[in-house]
Amino acid sequence: MTADAIPDFPFDRPTALEPPPKLAELRAQCPVAHVRLPSGDVAALVTRYDDARMVMADPRFSRNLAREGAARLSTTEDGGLFSRRKEGTDDINEGQGHMRWRRLLSRWFTARKMEVWRPRVQAMTDELLDAMLAKGSPGNLSAGLGLPLPVRVICALVGAPSEDQDKFAHWSRTMLTLTRNTQDEVDQAYREFNAYVSDLIDRNRADPGDDLLSELTQISDAEDGRLSQDELIATVRGLLLAGHETTSNMIAIMVAMLLSERERFEAVIDDPDLIPGTVEEVLRLDTTLSAIGGVPRFITEDIELGGVTVPAGTTLIPTIPSANRDPAKFPDPDRFDPRRENSNQHLTFGAGPHYCLGQPLARLELQVVLGTLTRRLPGLRLRDSPADLRLRTGGMSGGLQDVWVTW
């Protein structure tokens, strides 16, 4: 393949909610395809379900892109979030160190633990919706509910003040840049976020509570090798970033996806038992949450994938939006079906040792929001045409720009 023939990635799409047609074409004809990233480097997209799942789950596929030969995603000098060297935290990113780290956090994110949080999430949702309704129709669902709810929830869980949500949003958007921020802006965001977390840890150490941060701080202070101070800072920063960025975007995406074809929303009004299945289909069919489609991996040996040999030194991107629409896994994959038997086998939360720890919390929040909106606002509609919705661009985390609704 010549340099001129390598397509630019991310691909164009007809509208914000529709997948790029190029993904289906590659999935059918070229399941491991070279693309040119915003940085100018070349990576390979993996577009079929079984291949993408293998890339996520097989330990031979490394998430460490801070190495010679790995493709950079971002136009910044450090190459972006996945290529940036993370001093003092390499051990928790992969292998046994990562498993050690997961064991420390996993008991806080079990499905049973999350069910205990359901009443609190419901109360937060009702309070935010009350405030949005008080302002009158139309309302900005992204700003009124999508952003503040996950921030309040993760801050309550971790032990951080939710009034700092604008800071989290700014730092995370900057750290997740593809093309919109300079290296100086990224470096400043890291410095400010790390300083904020360090101060939060110090204040929590002086006045501990019944929260995740207090437990992790005690583990770090024990100096028994389970969690260093650098790893503690990186963990809290990651929780605050991931705990609001993706779920905030997903709330707005869910509402837009259901209201763009309103019979989907009305089906839940008529049968609330469809809430879990509807959430899973939204998660499966969304193509906007990540601009790049999945966390890149790097291989250090030749690998057989998609019927071809992929050479060592290749950066691979498991393209979740394509894998989740693979007809070999999901019959009639473009059809929205809340009763689909295997819809929860989508790869939106990853697979293998890096399967998203916070997925029970994300699912809970989406279910609570959907149940609340269908119960309290059965007349909810999009203010604008679905074709007028716009993607957030310039960052690794995609999603939609403001979603306005009427009721």
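A charge is taken to sit over a ring if NZ of Lys or CZ of Arg is within 6 Å of the ring centre and within 35 degrees of the ring normal. Arginine 84 lies over the face of tyrosine 190 in this way, at 3.9 Å from the ring centre, and the charged end of arginine 120 sits over the ring of tryptophan 117, 4.3 Å from its centre.

The model is predicted, so that local features need pLDDT of at least 70 and side-chain atom pairs count only at pLDDT 80 or more, while totals for chains, interfaces and linings use all residues. Residues are numbered from 1 along each chain as its sequence is written, and side-chain values use heavy atoms, with hydrogens and water left out.

**Aromatic pairs**

Rings of Phe, Tyr and Trp (its six-membered ring) pair if their centres lie within 6.5 Å, and planes under 30 degrees apart count as stacked, over 60 as edge-to-face and the rest as tilted.

Phenylalanine 168 lies in helix H7 (residues 165-175) and phenylalanine 193 in helix H8 (residues 183-206), so their pair ties together parts that are 25 residues apart in sequence; helices (H or I, at least four residues) and strands (E, at least two) are DSSP runs, numbered from the N terminus. Phe168, Trp171, Phe193 and Tyr196 form one aromatic cluster. Buried means under 20% relative accessible area, exposed over 50% and partly exposed in between (1.4 Å probe, protein chains only); phenylalanine 168 counts as buried at 1%, phenylalanine 193 is buried at 0%, and both phenylalanine 9 and phenylalanine 11 are buried.

**Glutamate 215**

Glutamate 215, which lies in helix H9 (residues 212-221), counts as buried at 19% relative accessibility. With contact meaning heavy atoms within 4.5 Å, glutamate 215 touches Leu104, Arg107 and Trp108, not counting residues up to four places away in sequence.

**Strand E8**

Two strands pair if DSSP finds at least two bridges between them. Strand E2 (residues 42-46) pairs with E8 in the parallel sense over three bridges, and the partner of leucine 45 in E8 is isoleucine 317. Strand E5 (residues 297-299) runs antiparallel to E8 and is joined to it by two bridges, with leucine 316 of E8 as the bridge partner of arginine 297. In a regular strand the side chains alternate between the two faces of the sheet.
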